[in-house]
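Please look through the two chains with me before reading the remarks below. I have kept the points separate, so that each can be checked on its own.

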Amino acid sequence: MQVTSRSFVANAKKGLADANLQTALARLSTGFPMARLAAIDRMPEFERLRDDAVAIKDHTLANLDAYLERYEEKVIESGGHVHWAADGQQARDIVLQICRDAGARTVTKGKSMITEEAGINEHLEANGIEPIETDLGEYIIQLRDEPPSHIIAPAIHLSKEQVADTFVAEHTDFAPDRDLTDPRTLLEEARAILRRKFIAADVGITGANMLIAETGTSVIVTNEGNGDLTQTLPKTHIVVASIEKVVPTLEDATTILRVLARSATGQEMAVYNTFSTGPRRPDDLDGPENYHVVILDNGRSDMLGGEFNDMLRCIKCSACINHCPVYKAVGGHAYGWCYSGPMGAVLVPGLLGLAEAHDLPQASSFCGRCEDVCPMRIPLPRMLRAWRTKSYEQGLGSKTSRAGLGVWAYFARRPLLYRPLMRLGVAALAALGAFRGRGRFSWLPLAGGWTTSRDLPVPEGRTFVEQWKRGQR
Amino acid sequence: MKPSNPDFRRSNVLGNIRKSFDNSDKAKSDRFAAVDARIRAQRPNVVPARASGDAKALLALFITQAEQASATTARVDDPNDLPQAVLAYLTANALPPRLKAAPHAVLENIAWSKQPSLDMTFGATLGDDEAALSVAFSGVAETGTLVLHSGPESPTTLNFLPDHHLVVLRTSVLAGTYEAAWSALRNAGNGAMPRTVNWVTGPSRSGDIDQTLLMGAHGPRSLHILILDDKKTI
């Protein structure tokens with residue numbers, strides 16, 4: 001996948017001007033958050049479940065080498081194979097080799113962020129093996145050759161009309177003038193096509209929501225059942241999972257599943273939670289004959305034990321994305337890679353390096369909603385700040401913004417200058433606001449960068465320090 | 001060793017992970033000992049109280065939750081009434097009287113011949129069956145979730161390929177929580193895991209087009225749970 005995180009600002013402008021995207025984002029901003037709230041209201045133990053989920057991950061990360069070794073032993077014991085990959089290139093080579101050994105022509109895929117991250121599809125394609133995404137959203141964006149714009153709703157940026165156009169263009173066996181106005185018709189068409197692909201595939205590749213050390217089990221969570229068809233029907237099942245996915249026991253996996261779906265879609269539980277351990281047994285009536293797990297690091301071990309360690313607790317639920325005012329304005333493609341929103345803004349610089357992704361941590365108003373809703377209580381704003389500090393130290397960012405920060409810092413360090421200037425500025429803006437008679441500025445001289453895509457609230461007339469002194473706390 | 005060597009890759013990844021750990025022999029062996037103890041303990045974390053009622057309350061909760069997840073349910077008091085209940089479902093959904101069933105003892109011991117119009121075959125499916133019948137290993141009242149697992153009595157393909165999935169849930173195996181279902185599975189398999197365990201909560205669905213929720217994305221369009229009251233016989 002072409003990474004365009006460097007072009008965040010240009011990407012964001014494109015997103016702001018995309019009417020279909022804006023309609024979708026408006027719907028997203030009520031749908032998932034409302035469902036999440038309702039699900040949490042039904043679960044009085046939710047906060048305690050979160051505490052336990054955090055403790056499970058912290059404990060596992062603090063003993064990660066031991067848990068991965070125990071997990072590996074159990075996979076081998078159950079007849080599976082474990083492969084280790086330090087980076088995406090190694091993961092691609094390993095997956096390709098397994099596919100070649102299986103004589104694969106087509107490969108079905110369950111939805112998986114880690115295989116997006118490792119660029120598995122492009123590598124298989126370049127080597128003559130056809131990868132077929134089977135999650136409905138992933139299938140649509142694969143046809144359009146686009147990256148996912150949301151980690152659990154990858155095609156959220158598209159209208160049903162755009163999906164219909166894509167199907168007309170790509171499904172050339174069907175009558176071009178067929179009626180595709182109803183989403184149900186689109187779903188049925190994709191279902192019929194993918195049904196044949198599921199049955200014909202030689203290899204099925206899935207990610208893993210978790211790996212369980214106790215039993216050597218990989219866990220996938222889906223609502224469509226596509227992941228299960230992907231891993232049940234072909235002769236070979238490959239699981240690709242990053243190092244931080246391991247948890248100790250079935251009980252621990254269960255606790256995390258209790259917070260995952262509620263945080264993601266507001267469901268009590270996703271429709272299909274599947275726990276897979278090794279290949280088919282001698283007396284099984286179906287299932288894959290070969291079971292491989294590729295454990296991928298790809299930069300995560302560098303985050304372990306440092307200031308970004310807590311990011312490795314992420315269970316990819318998307319709650320932070322669904323509640324992020326920046327994501328809801330610019331959409332997922334602005335972030336330029338497979339991860340978006342607050343989790344993407346912290347994780348991507350960790351995986352690709354700050355030089356590539358220093359704009360992403362700037363895309364935050366620090367409203368703190370992401371940390372509030374994160375089931376794993378990841379301190380996302382703190383880590384976004386840490387990335388900003390590093391960017392400044394490393395001299396990254398535009399000359400204008402660095403110069404602006406320099407000017408601000410000059411005054412901020414001199415309160416006798418800063419306070420009167422602030423008083424003046426705030427009073428002037430308040431007077432201008434009163435003159436215009438509205439609570440918000442939709443246009444201000446020299447502030448077009450702000451006001452083109454959002455309003456600036458009119459100050460109330462006094463600075464924070466003044467109000468504090470007057471006891472208005 | 002070359003970087004393409006699997007052993008090199010393994011020690012490379014584990015070595016990078018260990019960069020942040022104390023790797024003295026003592027610290028390492030303490031770490032593994034703590035991990036082994038934690039795994040052995042199989043300790044439950046916070047367990048929601050909602051599924052702590054008696055058998056009757058659990059069954060009522062299971063039905064409410066399963067229906068909330070868009071499954072349908074029917075009650076059957078005697079295994080020999082299953083053929084009629086199955087036929088009633090197929091007829092009501094305008095389906096042909098054909099069924100692929102799991103070769104499970106509960107189903108094989110039923111006199112299906114009493115419903116001669118029902119065309120029953122036992123085994124896995126290749127995708128050419130419209131309706132399938134399985135027997136759940138357990139059910140979890142907390143969320144109305146069915147627990148099925150692969151094995152000679154339960155082909156996994158039946159859970160996902162047919163348009164209609166019918167599942168027998170015996171009241172004797174209904175659990176309140178997932179933790180209880182895991183205990184039952186560990187006891188049944190002597191600690192060994194089956195190839196796959198499926199938690200199923202309602203029929204397949206997707207909201208990927210226009211954020212519109214539609215049933216029957218890739219898996220079953222409908223999930224029908226036949227609740228078999230077998231408490232009397234146990």
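The numbered points below go from the model as a whole to single helices and residues.

1. This is a predicted model, in which local features need pLDDT of at least 70 and side-chain atom pairs count only at pLDDT 80 or more, while totals for chains, interfaces and linings use all residues. Residues are numbered from 1 along each chain as its sequence is written, and chains are lettered from A and ligands numbered from 1 in the order in which they are written.

2. On confidence, the model scores ipTM 0.96 and pTM 0.94. Chain B has an average pLDDT of 94, and 98% of the residues score at least 70, pLDDT being the predictor's confidence in each residue, from 0 to 100.

3. Chain A contains 23 helices and twelve strands, where helices (H or I, at least four residues) and strands (E, at least two) are DSSP runs, numbered from the N terminus. Its radius of gyration is 24 Å, close to the 23 Å that the globule rule gives for 473 residues, so chain A is as compact as a globular protein of that length. The radius is taken over C-alpha atoms, and the globule rule is 2.2 Å times the number of residues to the power 0.38. The C-alpha trace of chain A spans about 80 × 60 × 45 Å along its principal axes.

4. Of the 473 residues of chain A, 53% count as buried; a residue is buried if 20 or more other C-beta atoms lie within 10 Å of its own, exposed if 12 or fewer, and partly exposed in between, with C-beta atoms placed from the backbone. Among the contacts in chain A with a separation of 6 or more, 75% are between residues 24 or more positions apart, a contact being two residues whose C-beta atoms, placed from the backbone, lie within 7 Å. Chain A is divided into domain 1 (43-300) and domain 2 (400-469), with bounds that come from an automatic or database domain assignment, and the centres of these domains, taken over C-alpha atoms, are separated by 48 Å.

5. Chain B has seven helices and twelve strands. Its radius of gyration is 22 Å, well over the 17 Å that the globule rule gives for 234 residues, so chain B is more spread out than a compact globule. It is divided into domain 1 (6-41) and domain 2 (50-233), and the centres of these two domains of chain B, taken over C-alpha atoms, are separated by 42 Å. Of its 234 residues, 47% count as buried.

6. Which face of helix H3 of chain A do the partners cover? The helix runs over residues 46-62 and reaches 24 Å from its first C-alpha to its last, close to the 24 Å expected at 1.5 Å a residue, the expected span being 1.5 Å times one less than the number of residues. Its buried residues include Leu49(A), Ala53(A), Ile56(A) and Leu61(A). Seen down the axis of H3(A), the buried residues fall within an arc of 165°, so they line one face of the helix; the arc is that of the directions from the helix axis to the C-beta atoms. These buried residues pack against helix H4 (64-77), strand S8 (246-247) and helix H12 (250-264) of chain A.

7. Helix H16 of chain A, residues 341-352, has twelve residues and reaches 16 Å from its first C-alpha to its last, close to the 16 Å expected. H16(A) is mostly covered, with twelve of its twelve residues buried, among them Gly341(A), Pro349(A) and Leu352(A). The buried residues of H16(A) pack against several helices of chain A, including H13 (300-303) and H19 (380-393). Just after H16(A), Gly353(A) takes a positive phi of about 100°.

8. Most residues other than glycine have a negative phi. Gln42(B), in the loop between helix H2 (25-41) and helix H3 (55-68) of chain B, has a positive phi near 45°, and with 17 C-beta neighbours inside 10 Å it counts as partly exposed. Ser70(B) has a positive phi near 75° and lies in the loop between H3 and strand S1 (72-76) of chain B; with 16 C-beta neighbours inside 10 Å, Ser70(B) is also partly exposed.

9. Pro282(A) lies in the loop between strand S9 (272-276) and strand S10 (290-296) of chain A, and is exposed, with 5 other C-beta atoms within 10 Å.
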